[in-house]
Amino acid sequence: MKTGQRKRQSWRLALVLSGMMSLPAFAQSPPGIPRVVAPGVQAELVSEIFMNTEGPLGVPDGSLYFSDTVASRTYHMDASGKFTIERENTNRSNGIAVMRDGTMLWAEGDGPRITKKNPNGGYMNVTPGFRLFQPNDLIVDAKGGIYFTDPGPRPVVPGLKVYVYYIPPGAKQPITIDDSVPRPNGITISPDGLTLYVDNTVGTSVYRYDIQADGTVKNKRAFAQLHDIKAGEEGFGDGMGMDRDGRLYVTTLTGIQVFDPQGKYLGTIKVPRQPSNVAFAGPDKKTLYITARQGLYRINMLSQGPDRPGK
């Protein structure tokens, strides 16, 4: 091997080890997950111009919204891949959701509040006078009720109760549906609207609940355990999404862990940076977008997003 070739290879290896360059696809050879992602297909970088990406939301026209929590901005990416700023000064909003009529909602961490966009401009606080810690993630049910998590300060304060809430349609105050998860974070609903899922950042459990007619829940139980997390290590269960067949996608310390509707672990989709949340988007809802630190990534899927706006 010539000296120049050795220098180029050493330079490339240094970039790989520093995290500035990915190994070529043939060296990584992702194994795939049956009916979820084909062998050899891996996450690709869309852009890394951001400060801290979070809260992706796919909408019916195939485009994508997502948060930059540090910059306090909401971005919109249209079908051509063009980025525009949807909202400035979001109070470090994280999760974004959309009502059936297209009204957008934000979980404002520094509000702290849940807000919605007014048709005539401006933003309305939908949790006025209600004490919240730092709302994180949210999703809207078919009736227009809003589920959201409020995980509290970090590190976890021993003995401090933190909450999962529900705002019934038309209500002015949230109601508590669970105060027993140490740090609730990601939240989503099954495609049939009958089951609520919540994960725990500091543990390794994902929980599910039976949704009642009034939006309250019962029968909390462990749905799945995160895989490949060392004893005593936090799993960093963060944002979640579902496909139309009821498989659950959980962003974790190790990547995006995928579980079938019964909670069986199917595999992990690796991402160059630790992921924070996911959402299906694109015209056929077969592209999974991934927020991960400064980057926005995407991966072509065999699975397909649910028949609803959101995750």
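Two strands pair if DSSP finds at least two bridges between them. Helices (H or I, at least four residues) and strands (E, at least two) are DSSP runs, numbered from the N terminus. The model is predicted: local features need pLDDT of at least 70, side-chain atom pairs count only at pLDDT 80 or more, and totals for chains, interfaces and linings use all residues. Residues are numbered from 1 along each chain as its sequence is written, and side-chain values use heavy atoms, with hydrogens and water left out.

**View 1. Strands E22 and E23 form a hairpin.** The two strands run antiparallel and are joined by 5 bridges. Between the strands lie 5 residues. Gly282, in the turn, has a positive phi of about 90 degrees.

**View 2. E23 also forms a hairpin with E24.** Here 6 bridges join the antiparallel strands. Ala292 stands opposite Gly295 in E24. The hairpin has 2 residues between its strands. Arg293 takes a positive phi near 55 degrees.

**View 3. Both faces of E23 are covered.** Buried means under 20% relative accessible area, exposed over 50%, and partly exposed in between (1.4 Å probe, protein chains only). In E23, 6 of 6 residues are buried. In a regular strand the side chains alternate between the two faces of the sheet. On one side of E23 sit Thr287, Tyr289 and Thr291. Leu288, Ile290 and Ala292 sit on the other.

**View 4. The largest nonpolar core has 17 residues.** Such a core is a set of buried Ala, Val, Leu, Ile, Met, Phe, Trp, Tyr and Cys residues joined through side-chain atoms within 4.5 Å. Tyr249, Ile256, Ile269, Leu288, Ile290, Ile299 and Met301 touch the most other members. Strands E20 (255–259), E22 (277–281), E23 (287–292) and E24 (295–300) each give two or more residues. E23 gives the most, with 3 residues. A second, separate core of 14 residues includes Tyr147, Ile189, Val198 and Tyr207.

**View 5. Ile269 and its contacts.** Contact means heavy atoms within 4.5 Å. Neighbours within four places in sequence are left aside. Ile269 then contacts Ile33, Val37, Gly255, Ile256, Val258, Leu288, Ile299 and Met301.

**View 6. Asn136 lies in a loop.** The loop runs between strand E9 (123–125) and strand E10 (138–140). Asn136 is buried, with a relative accessible area of 12%. Beyond its neighbours within four places in sequence, Asn136 contacts Asn94, Gly95, Ala107, Thr149, Pro151 and Asn185.
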